[in-house]
Amino acid sequence: MRLSRLESDTDIKPFDCGDTDLNGFLFDDAKDYLNSLLAVTYLLTDEENTIAYFSYQNDKISHQDLGNRDKFLQRIGSLLPKGKENHSSYPAVKIGRLGINRNNQRQGLGKRVIDFTKIYFTKKNKTGCKFITVDAYKDSVPFYEKMGFKCLTSRDLKSDTRLMYFNLEIIN
Amino acid sequence: MAKPIKETPFLRGKDAKKFVEDNKSIQKVSKEELKEINDNYEALKSLADF
């Protein structure tokens, strides 16, 4: 097997994870995201097939500042124009998409990719990164919870995907 | 075209409060768990051409 970065001229080997949307992202969108500098996709392949793929993009988690000195601003924060509240931000990497080929599922590959990401963006990272975020398909939420991820907001409860995060300090 | 990757929203109100509370105290993973995470990293890294 080989783990490589998707390039514009990469010939993508057959892949079917059982989800039309995830398959579609790999074949129709991943190169557009790459060429637009929005996300980089990595491919785990053998001689014949794409075994798994995952896409990274830079992200950040920002929230209203809830510190003591800002209690007043916190109370009136909702009255301020958007972007004018005091806030805190943390650098993050987003796993935009992660798919495992149907024939290779339930072999621990998903966990291996998540664990790879955890170390790659702490011990081997060239810039600071405090969180992993993920745009998780609803069916995958229990998997990410098992990996230590938490839901970021309740606003996407009815959405097809849920935003989740993992605090990298846990392993640092 | 597949669903676009969702953007991470700015957290306000209850979401912000919950996020701050949940990250106030961090429980580190055990040595055994950390070793497993490192082993999985090394396993994939050994296959990487980057």
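Colleague: What should I know about the numbering and the counting rules before I start?

Modeller: Residues are numbered from 1 along each chain as its sequence is written, and chains are lettered from A and ligands numbered from 1 in the order in which they are written. The model is predicted, so local features need pLDDT of at least 70, side-chain atom pairs count only at pLDDT 80 or more, and totals for chains, interfaces and linings use all residues, while side-chain values use heavy atoms, with hydrogens and water left out.

Colleague: How many helices and strands are there in chain A?

Modeller: Helices (H or I, at least four residues) and strands (E, at least two) are DSSP runs, numbered from the N terminus. Chain A has 4 helices and 7 strands. Their order from the N terminus on is β-α-β-β-α-β-α-β-α-β-β. Chain B has 2 helices and 0 strands.

Colleague: What share of the residues is buried in chain A, and what share in chain B?

Modeller: Buried means under 20% relative accessible area, exposed over 50%, and partly exposed in between, with a 1.4 Å probe and protein chains only. In chain A, 52% of the 172 residues are buried. In chain B, 24% of the 50 residues are buried.

Colleague: Which residues lie closest to the centre of the largest pocket?

Modeller: On a 1 Å grid over the protein atoms alone, a pocket is an open set of points with protein on both sides within 12 Å along at least five of seven lines, and lining residues have an atom within 4 Å of a point. Grid points are joined across faces, edges and corners, and a volume is the space filled by probe spheres set on the points. Here the largest pocket holds about 760 Å³. It is lined by 29 residues, of which Leu98(A), Ile100(A), Gln105(A), Ser140(A) and Phe143(A) are the closest to its centre. Two or more lining residues come from each of β4 (87-100), α3 (109-120), β5 (131-137) and α4 (141-146) of chain A. The largest share, 6 residues, comes from β4(A).

Colleague: Strand β4 of chain A also holds Gly96(A). Is that residue buried or exposed?

Modeller: Gly96(A) is buried, with a relative accessible area of 1%. From Gly96(A) to Thr45(A) the separation is 51 residues in sequence and 19 Å in space, C-alpha to C-alpha.

Colleague: Where is Ile170(A) placed in chain A?

Modeller: Ile170(A) is in the segment after β7 (161-167) of chain A. Ile170(A) counts as buried because its relative accessible area is 16%, under the 20% limit.

Terms used. On a 1 Å grid over the protein atoms alone, a cavity is a set of points where a 1.4 Å probe fits but cannot get out, and a pocket is an open set with protein on both sides within 12 Å along at least five of seven lines; lining residues have an atom within 4 Å of a point.
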